[in-house]
Each structure stands twice: as structure tokens, then as C-alpha cells.
Amino acid sequence: MRGRILIIICLFLLVFIITAFTLLGCGGRVVDEPMTTTTAAGATTTTTTTTSTSTSTSTSTSTSTTTTLLWESLDSGVTTDLNKVMFVSSTVGWVVGDDDTILYTDDGGDTWQDRSSGFGLDLNNLFFVNTTTGWVVGDDGVILKTEDAGVTWTSQESGTDAILKSVFFNNDTNGWIVGNDQLFWQTTDGGDNWELQSNSWSAWLGDVFFVSDCGWITPYDGSGSTIIYRTTDEGGTWTDVDAHCRANNIFFADENNGWVVGRYGIIAHSTDGGSTWATQGVGSNILR
């Protein structure tokens, strides 16, 4: 009886020794080697390399990489609401906001300089054609132009006290402005003269974008309209297109490919110059 017990004990010890020998590296093993790096753009990349070996000479290695994109908070130096940002290069940009807030950076946003106009109004949008020449629009029909990167500003006559929502220029002479009360202006002389364009639209206007002769205008979101106005002759004539969303903002990469974003997480995409739109939802994709 004792002999059998000793044999069983010896077998358990043998199994224990073999298992321990394997786990200590003399048999097969799996090693995970995670490595985290941060790029200059602020993206964190975690790379995990898994290496498997066996008692034979064969070795297998697999690597998986996960990248997390990060946003870095920058100090603007102000506490007012900021409404629009635009960069003309990787370093030079501007921000506009309420209470005549105009900020300028030439180091990619690391530092911001006050370039306020002195007119004291809420500013809603801006557009620069280069590093020095740009326009700002805002409440009470204000249009401001600078030719020295915002060091000085001159007022341009709009002929209205309505809220101006968006401004866009194709070059340093041809530009457009949209605003409340279905108002839409065009200039061909850099803003020295702004001509009010007649239209039969029923919605307040919120955003404008042009690529060459092709242009698009979206209603102000609060109007509830899903219609986008489209031109192919630099604003001479306009057609109505249903984008199936209450758009807040519009952008076109070229004359064919464009996007609008709006309420309820909807993104709509066009590949035919805005003639038709298809939704690309990141949240709800219900058409409203």
C-alpha cells in the first residue's frame, strides 16, 4: 500500500517539475511586449508584439498597432464665445467670436494675439485669401476688411443691420456674404461695393461656399429647412436641392465632392456637385 502511495506522489512531483521547467523558459512561451509612442501631432500609438517559441527551432511573431488621435487644448487668452476659426497655412490662422474678439496666431496656435477691430460687435465668421487679406462679418450688418493680417481693420458698407452669418471669397476680388432675412450679397471689387442679390428664398441663410463658378448656400439651422441652394454660374442663377438634413455647415473639396453637417448627427455627402445627397451618419441617420 505504501509503495503505491509513493509512486503516486512521485508522479505528481514529476508533472510539477516538467510544468515549472516549461514556464521558466525551457519550453514554449508567449511574450507580449507593448510599446507606446506619441507623435508630434499628438497621436498616441500602442504597439504590442507577441512572440511564441517552442522547444523546436520554430518562432512566430505577430504585431498589432492601435492609434488613438488626441486633441491638445490651447490657451486662447479669452473667455468669450468663439464662433469660427480659419488657417491659411499650418502656422497662420485667425479666430473670431463675440464682443469683437479677433485672435491671430503665426505659430500654429501655440500663442494667440489680440487683433480686435474696435467696433465692439459680435463676430460670426471670417475668410482670408492669404496671410494678410481677409474679411470678418457679424451682427448689425458689420463687414470688416484687413490687408495687414488684422493689425488694422476698415468697415465696408452692407446696407443692413441684419446678422451676417458667413463670408467666402474665391480670390481677393470676388466674394459672397449670407445672413438673416434671406439676405445674400456679392462683390467683384474686394468689398468696396456689396450688391444685394434678389431671391425668392424663404429661409434665413447660414453658410456659403464656392469652388470656381460653382457655389452652395445652406439655410440657417434654426429655419428648419433642408434645402440647399446651388449655382454653376458664379451666382447668376440658383436651383433648390434637398439635402435631407438641416445643415449647419458646408464644404466642397472640388466641384463634385462635398459634405454638409447638421442636426441629429447627420452628415450628407454629394459626388455630383450637390445635385443629389446621401447621408453618412455617425450618430442617428434618421432623415428629419
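C214 counts as buried because its relative accessibility is 12%, where buried means under 20% relative accessible area, exposed over 50% and partly exposed in between, with a 1.4 Å probe and protein chains only. C245, at 2% relative accessibility, counts as buried too. A disulfide is a covalent bond between the sulfur atoms of two cysteines. Taking a disulfide as a pair of cysteine sulfur atoms within 2.5 Å, the count comes to zero.

This is a predicted model, in which local features need pLDDT of at least 70 and side-chain atom pairs count only at pLDDT 80 or more, while totals for chains, interfaces and linings use all residues. Residues are numbered from 1 along each chain as its sequence is written, and side-chain values use heavy atoms, with hydrogens and water left out.

The protein has one helix and 23 strands; these are DSSP runs numbered from the N terminus, helices being H or I of at least four residues and strands E of at least two. Of its 288 residues, 39% are buried. Among contacts (heavy atoms within 4.5 Å) with a separation of 6 or more, 31% join residues 24 or more positions apart.

The largest nonpolar core has 53 residues. Such a core is a set of buried Ala, Val, Leu, Ile, Met, Phe, Trp, Tyr and Cys residues joined through side-chain atoms within 4.5 Å. The members touching the most others are I177, F184, W216, I217, I250, V260 and W277. Strand β16, residues 205–211, gives the most to this core, with five residues. The core lies between domain 1 (1–8 + 82–182) and domain 2 (199–287), because both give residues to it; the domain bounds come from an automatic or database domain assignment. Beyond four places in sequence, I177 touches V137, I143, L164, S166, V167, L183, F184, W185 and W194.

Q186 is in strand β14, residues 184–187. With 14% relative accessibility, Q186 counts as buried. The side chain of Q186 reaches the backbone oxygen of E234 at 3.4 Å. E234 is also among the contacts of Q186 outside four places in sequence, together with G175, W176, N193, W194, E195 and Q197.

V241 is in strand β19, residues 239–242, and counts as buried at 9% relative accessibility. The C-alpha atoms of V241 and Y229 are separated by 6.2 Å, the two residues being 12 apart along the chain. Not counting residues up to four places away in sequence, V241 touches T226, I227, I228, R230, G274, S275 and W277.

Key. Polar contact = N/O pair within 3.5 Å; in protein donor to acceptor, adjacent residues only side chain to side chain.
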